[in-house]
Amino acid sequence: DLFTAIADLEHMLGAEKGVANVIDDYIVAEQKRLNDLRKYAEEYTSRNLHAENVGPEFVTNPINAYLLIKRLTTEWKKVENIMLNNRAEGFIKNITETRSKSLVKFPGEDDLSGAAVALLRLQDTYKLDTADLSNGIIGGEKVSNKLNGHDTFEVGRAAYNQKDYYHCLMWMQVALNKIENENPKSVEESEILEYLAYSLYQQGNVRRALALTKRLAKISPNHPRAKGNVKWYEDMLQGKDMQGDLPPIVNKRVEWDGIVERDAYEALCRGEIPPVEPKWAHKVHCYLKRDRPFLKLAPIKVEILRYDPLAVLFKEVISDSEIAVIKELASPMLKRATVQNSKTGELEHATYRISKSAWLKGDLSPVIDRVNRRIEEFTNLNQKTSEELQVANYGLGGHYDPHFDFARKEEKNAFKTLNTGNRIATVLFYMSQPERGGATVFNQLGTAVFPSKNDALFWYNLKRSGDGDLRTRHAACPVLLGVKWVSNKWIHERGQEFTRPCGLHEDVQENFIGDLAPLPNDP
Ligand SMILES: O=C(O)CCC(=O)C(=O)O
Ligand SMILES: [Fe+2]
């Protein structure tokens, strides 16, 4: 699961440098070996020249005869040894051992396909063009090197392995275009054609699949499947519709992951935010919170993002140095994040939540303790029943699909052992600012919050009645460029009986946090 965290990828850069050094050392050793070999060749040549100059009687001299024989026996053995003594094995062993001993795990096939699948997710969410992406262009900006034909082909193959023919088709087509200009070609055209034809067929483009398979049979006459497939496609078409130009390519994304709100969620991730309800459009959006003694001196800037249900951004509530300490403490503890199976109550990995996370206890460092206490200052909610601080690092395409933070009634075991009630509210500290993507979005409400470092997003998950507020369904959009670090604090019901008593009304305006500046009258 290396692809899940940027922190791991940073370590991998170190490993890559190590590999480069080993290759360089190997080349130096080999060059010395080949130079030794060259010296022998020169010696043989010069002695032979001498012998040729002397003429055939050279061998009539017993000493010369002896030396000639020696050069072709024992000395030749030495040459043979040098030739055979390729140093590769030792160096490869060295790399293998470094891999197994090092703390940095080397990526495997799974990581490669994970990274490819991350690219596909980003492509969909942010509507990126395949050719652009494969040329290192994101949002019209050149951000990295180009993929060659083979790199592109491998992304297509990762899609194919997931039966995702929609993406396979797009990537194989681009791979085909790329190798046209490659010399030598990084991947055989026949390999691409087979995948491309099959995904065209799967997406309903039988005539195109046939045309490409015919081409495959032509360029690769001994291909084990090409001829059979041509016949198969021909039978399928039964000679129908074979005249004229090929119809345009049909390629539709299949919603195999069953997320109904996919389109709305992805639009929010791209920053396509629906207009604010006119009812709220003119309300005051910022105020200084000074309702606690400590805050008289250092008020907290609050930006109201949404009134109903309430969501606010507490500005500059965590410092760069605190963030650095938290990241430092969390890094060695990061593990692939889990989710609770709603049927069994077990924690498990899921493709819909890709990030690495760690829990930091309050007594781990005075910094954690200080941050925990500050949360009470800005939320006015009792922190005795809160969960520990959770730190998350999102890697390549890291995301968390739409979910609720609170436990629903049908969910087994959730928070039972804690005996602190449900998650009444969430505090989400933004500890970095990804260059692109990574927004926190509320897909039901049409709110998108793009991370701003040092700030904390806050919202209530439960209504005054204690029932979960279904409108708080939210998601973490995939990170497109850069790094996303966040910390969560989940605040529980127990202990809030006086600060946020259950109300008879579930009215929004009761959700104030401290001395909210007076609101203008309703329009
Ligand atoms: O990272 C984010 O933006 C949201 C994270 C989240 O919703 C969660 O961890 O429950
Ligand atoms: Fe969440």
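For the class counts below, I take Ala, Val, Leu, Ile, Met, Phe, Trp, Tyr, Cys and Pro as nonpolar, Asp, Glu, Lys and Arg as charged, and the others, Gly among them, as polar. One reminder to myself: this is a predicted model.

**Ligand 1**

I started with the shell around ligand 1. By class, I get four nonpolar, three polar and one charged residues there. The residues are Tyr400, Asp405, Leu428, Thr440, His474, Ala476, Val486 and Asn488. I then checked which elements give two or more residues to this shell, and they are strand E18 (474-476) and strand E20 (484-492).

**Domains**

Next I looked up how the protein is divided. I have domain 1 at 2-101, domain 2 at 109-237, and domain 3 in two pieces, 262-276 + 287-511. The centres of domain 2 and domain 3, taken over C-alpha atoms, are 40 Å apart. Their contact takes eleven residues from domain 2 and eleven residues from domain 3. On the domain 2 side, helix H5 (residues 109-125) gives the most, with six residues. I sorted the domain 2 side by class too: six nonpolar, two polar and three charged.

**H5 against H7**

From H5, the contact uses Ser113, Ala116, Val117, Leu119 and Leu120. From H7, I noted Glu154, Val155, Ala158, Ala159 and Asn161. By class, this contact has seven nonpolar, two polar and one charged residues.

**The nine-strand sheet**

I traced an open sheet of nine strands in the order E3-E4-E5-E17-E13-E20-E11-E10-E6, with antiparallel pairing. E3 and strand E6 (335-336) are at the edges with a single partner strand each, so one side of each has no neighbour in the sheet.

I walked in from the E3 end:

- Strand E3 (residues 286-289) pairs with strand E4 (residues 300-307) in the antiparallel sense over four bridges. Here tyrosine 287 is opposite valine 302 in E4.
- E4 pairs with strand E5 (residues 310-315), antiparallel again, over six bridges. A hairpin of two residues joins E4 to E5, and tyrosine 307 is opposite leucine 310 in E5.
- E5 pairs with strand E17 (residues 456-460) over four bridges, also antiparallel. The bridge partner of phenylalanine 314 is alanine 456 in E17.

**The five-strand sheet**

Then I turned to an open sheet of five strands, in the order E9-E12-E18-E15-E16 and with antiparallel pairing. The edge strands are strand E9 (353-354) and strand E16 (447-449), each pairing on one side only. Strand E15 (residues 440-442) pairs with E16 in the antiparallel sense over three bridges, and phenylalanine 442 is opposite threonine 447 in E16. Helix H12 (residues 262-269) packs on this sheet, touching strand E12 (399-403), E15, E16 and E18. I noted that the direction of H12 makes about 135° with that of E15.

Definitions and conventions. Residues are numbered from 1 along each chain as its sequence is written. Chains are lettered from A and ligands numbered from 1 in the order in which they are written. This is a predicted model: local features need pLDDT of at least 70, side-chain atom pairs count only at pLDDT 80 or more; totals for chains, interfaces and linings use all residues. Domain bounds come from an automatic or database domain assignment. Two residues are in contact if their C-beta atoms, placed from the backbone, lie within 7 Å. A residue is near a molecule or strand if its C-beta atom, placed from the backbone, lies within 6 Å of it. Two strands pair if DSSP finds at least two bridges between them. Axes are lines fitted to C-alpha atoms, for helices over the stretch in contact, and angles run from 0 to 180 degrees between N-to-C directions.
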